[in-house]
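Work through the exercises below with the structure open. Try each task before reading its solution.

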Amino acid sequence: ETILRENEDDNFEKAVLIALKIIELLIETDRLFDAQFNYENNIPVIDIIKSFTNLVEANFIQERTVTFYADKLNLHPNYLNALIKKHTGKTAKESIQNRLLLEIKYLLHSPNLPIKAISNDLGFNDPNYFSTFFKRFEKLSPKEYRSTLI
């Protein structure tokens with residue numbers, strides 16, 4: 001109402017005052033949003049994050065899409081992504097990829113396990129894509145990474 005009144009009047013620097021009121025409105029909206037997703041006040045959010053983490057742990061080898069996990073949690077993928085990002089600092093996709101990378105690194109520590117077998121065991125149909133995926137995050141090929149462990 002204040003913005004509308006200010007806009008109707010022909011006061012000095014009305015545009016500045018309107019801009020300030022809009023900024024005030026945005027700050028209040030941000031505060032309401034933060035209060036909605038506060039850990040202490042929103043236990044369901046914690047439950048969603050725990051459920052997501054458990055689902056990733058159980059399914060990261062076969063399922064790597066945010067849509068799969070969002071469907072399992074009866075959430076929209078964008079909402080799940082925003083929720084995970086807000087509370088962990090990483091997107092849902094990054095969380096899934098990080099879990100996969102952790103498993104790859106763990107398996108690469110076993111020198112008797114061929115890299116192609118690791119690739120197949122983790123659901124990569126193409127060993128080249130496996131290598132590309134790993135190199136994108138670690139800046140080393142799986143073979144180079146393994147050689148740093150010896």
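**Exercise 1.** In this predicted model, determine how the axes of helices H5 and H6 are oriented to each other.

*Solution.* Start with the axes of H5 (residues 77-88) and H6: they come within 7 Å. Next, take the crossing angle, roughly 70 degrees. Angles of 65 to 115 degrees count as roughly perpendicular. H5 and H6 are therefore roughly perpendicular to each other. Finally, list the residues that meet: Asn81, Ile84 and Thr88 from H5, and Ala92, Lys93 and Ser95 from H6.

**Exercise 2.** Find which residues of helix H8 are buried, and state which helices they pack against.

*Solution.* H8 covers residues 127-138, 12 residues in total. From first C-alpha to last it reaches 16 Å, close to the 16 Å expected at 1.5 Å a residue. Its buried residues are Phe130, Phe133 and Phe134. These cover an arc of only 90 degrees around the axis, which puts them on the same side of H8. Their packing partners are helices H6 (92-108), H7 (115-121) and H9 (142-149).

**Exercise 3.** Which residue caps the N-terminal end of H8, and which residue follows H8?

*Solution.* Look at the N-terminal end first. Asp126 is the cap: one of its side-chain oxygens lies 2.9 Å from the backbone nitrogen of Asn128. Then move past the other end. Lys139 follows H8, with a positive phi near 65 degrees.

**Exercise 4.** Is Leu4 buried or exposed?

*Solution.* Locate Leu4 in helix H1 (residues 2-8). Its relative accessibility is 58%. The cut-off for exposed is over 50%, so Leu4 counts as exposed. Its C-alpha is separated by 8.7 Å from that of Ile18, 14 residues apart along the chain.

Terms used
Residues numbered from 1 in each chain as written. Predicted model: local features only at pLDDT ≥ 70, side-chain atom pairs only at ≥ 80, totals over all residues. Heavy atoms only, no water. Helix = DSSP H or I, 4+ residues; strand = E, 2+ residues; numbered from the N terminus. Expected span 1.5 Å × (residues − 1). Buried < 20%, exposed > 50% of the residue type's maximum accessible area, 1.4 Å probe, protein only. Arc of directions from axis to C-beta. Contact = heavy atoms within 4.5 Å. Polar contact = N/O pair within 3.5 Å; in protein donor to acceptor, adjacent residues only side chain to side chain. Axes fitted to C-alpha atoms, helices over the stretch in contact; angles between N-to-C directions. Parallel < 35°, antiparallel > 145°, perpendicular 65-115°, else oblique.
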